[in-house]
Amino acid sequence: MSAKSDLTGRGPMLVAMVLAVLGYQINATMLSPALPDVIERLGTTTAAAGLSQTLFFLMAAIGQVTLARLSDKRGRKPMMIVCAVVLIVGNLLCVFAPNIEVFIAGRILQGISAAMFTLAFLTLNQLLSPAGFGKAAGVITAVNGGLAGVDAIAGGQIADTIGFRGIFVCSTLIAVAGLLGVRKYVPDVPATSPEGRFDSRGIAALALGLTGILVGLAQGAAWGWTSPLTLGFLLGGLASLAFFVVSQKSAADPVIDIEVLASRRAWPLLLTTICTLGGAFGAIALTIPLFSQDVRVGLGLSAVTAAVLFLTPIQLIGVISAPLTGRLGPKIGWRTIVVTGAIANFVIFLFATFFLHNEWILVASLAALGVTYGGFMLTGLNGLAVTTAPKDKPGSLSGLNGACFGIGASLGIALASAMITAGSDAGGVTEAGYQHAMYAALALLGLGVVTALLIQRPDPADASEDEPQLVLAHH
């Protein structure tokens, strides 16, 4: 047994983790301005491109739960290596994709590798003191918004010149560097819960349930909301989720501890994560990139210009504000960070929604989200999940919260895609389609404010600075 240390001497490990998570993250941030190029080069539709995004973040959710729980049994480092390998394979599929079907398969594999974020947070929490964890969590969270906005500009430039495939070549190179760094510099700490059987039945039911509901929502407008296909996905998804909940009550080692889930330290936090990611990401990753480049009813900008104006500011400011939030969280409380960020997000999004055609108000609004969303919310939600998790199952709440990042992002994109598709005519997407997608995002953020206020205040006794931070037994 050894007590947790601060960040001193952990530089190479942190750099390795940053590279590992960045390899995944730029597949989200760099691709957003390149979505119109994907549609054109693969000869597909907006609905299909939206589905690829939905499945990417959906698989991120499933990967977070699955690999986080597996890491409790097999160790963090082995699962981080699995994530890196899966990401590289997914990237190569997208590089050589001849059609949208192969492209979607690659996006699914890339999404699974999102568990790298949760695994990094869990590893850092095992190894570092609360102050050291806060600083390191801020750095990792900053990467959650991309590479200081440079990747968004690069994504737009690549889309305007050589095409979207170049984005995945860049991701592959970074992922390989992250894989090598993890193998060399990340400590191989023992698993915390090596005993017990992995609940594969529960994971399968969860995956089928989420896939059914989110694909049904994403494609409902294109297939028809009352079509047998749409209803089959939605009802089948609900049935699978119901079976999942029932199965967790009888499972010897459940994926999700129902008692933890029912606690006010869990379900309001998870709903806040879903609503926050759903509202913000649906707009940032789909609606605004498409609207800003739409020459008929949008702003008619190039991919590079759209990235510089609408994606780079939020990422660049997020890179600065996330580490600062990481330092602030242990001092004023992670719940305070989350509540403040949720309220500020909603207010800022009001301006973005009602002044969608005012280019500079939209730019200013998204830049402000760099502090409230990229800094306060992303860092605060991660910090709160890690620090309030049950001590005997440290991966439970963090893994669930990581999954909710993916669920929220895929839900937001599914709703935005459905609104945009429903608001299309023979000439393409209409102004109403984009506006309704923004209203849906605003509604989700409003719900996020309510659920944030419902999060239980942490018990001060659970946040002792003197508690040993490395438990040598096993997100």
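**Helix packing**

Tutor: The axes of helix H15 (residues 334-354) and helix H18 (residues 431-454) approach within 9 Å and cross at roughly 160°, where axes are lines fitted to C-alpha atoms, for helices over the stretch in contact, and angles run from 0 to 180 degrees between N-to-C directions. Helices are DSSP runs (H or I, at least four residues), numbered from the N terminus. The model is predicted, so local features need pLDDT of at least 70 and side-chain atom pairs count only at pLDDT 80 or more, while totals for chains, interfaces and linings use all residues. Residues are numbered from 1 along each chain as its sequence is written, and side-chain values use heavy atoms, leaving out hydrogens and water.

H15 and H18 are therefore roughly antiparallel (over 145 degrees; under 35 is roughly parallel, 65 to 115 roughly perpendicular and the rest oblique). H15 passes H18 in a left-handed crossing, the near helix being turned anticlockwise from the far one by less than a right angle, or clockwise if right-handed. Their contact (heavy atoms within 4.5 Å) includes Val-338, Ala-342, Phe-346 and Phe-349 of H15, and Met-438, Leu-442, Leu-445 and Val-449 of H18. Its residues divide into 17 nonpolar, five polar and one charged, with Ala, Val, Leu, Ile, Met, Phe, Trp, Tyr, Cys and Pro counted as nonpolar, Asp, Glu, Lys and Arg as charged, and the others, Gly among them, as polar.

H13 packs against helix H16 (residues 359-387) at about 150°, the axes lying 11 Å apart, and here too the crossing is left-handed. Among the residues in contact are Leu-269, Leu-277, Phe-281 and Ile-288 of H13, with Leu-366, Tyr-373, Met-377 and Leu-384 of H16, and by class this contact has 15 nonpolar, three polar and no charged residues.

H3 and helix H5 (residues 100-112) pack at an angle of about 30° with axes 6 Å apart, which makes H3 roughly parallel to H5, and H3 passes H5 in a right-handed crossing. Residues including Leu-51, Phe-56, Met-59 and Gly-63 in H3 meet residues including Phe-103, Ile-104, Arg-107 and Gly-111 in H5; the contact comprises twelve nonpolar, five polar and one charged residues.

H3 and H13 are also among the elements that give two or more residues to the lining of the second largest pocket, along with H10 (200-223), H11 (228-250) and H17 (394-422).
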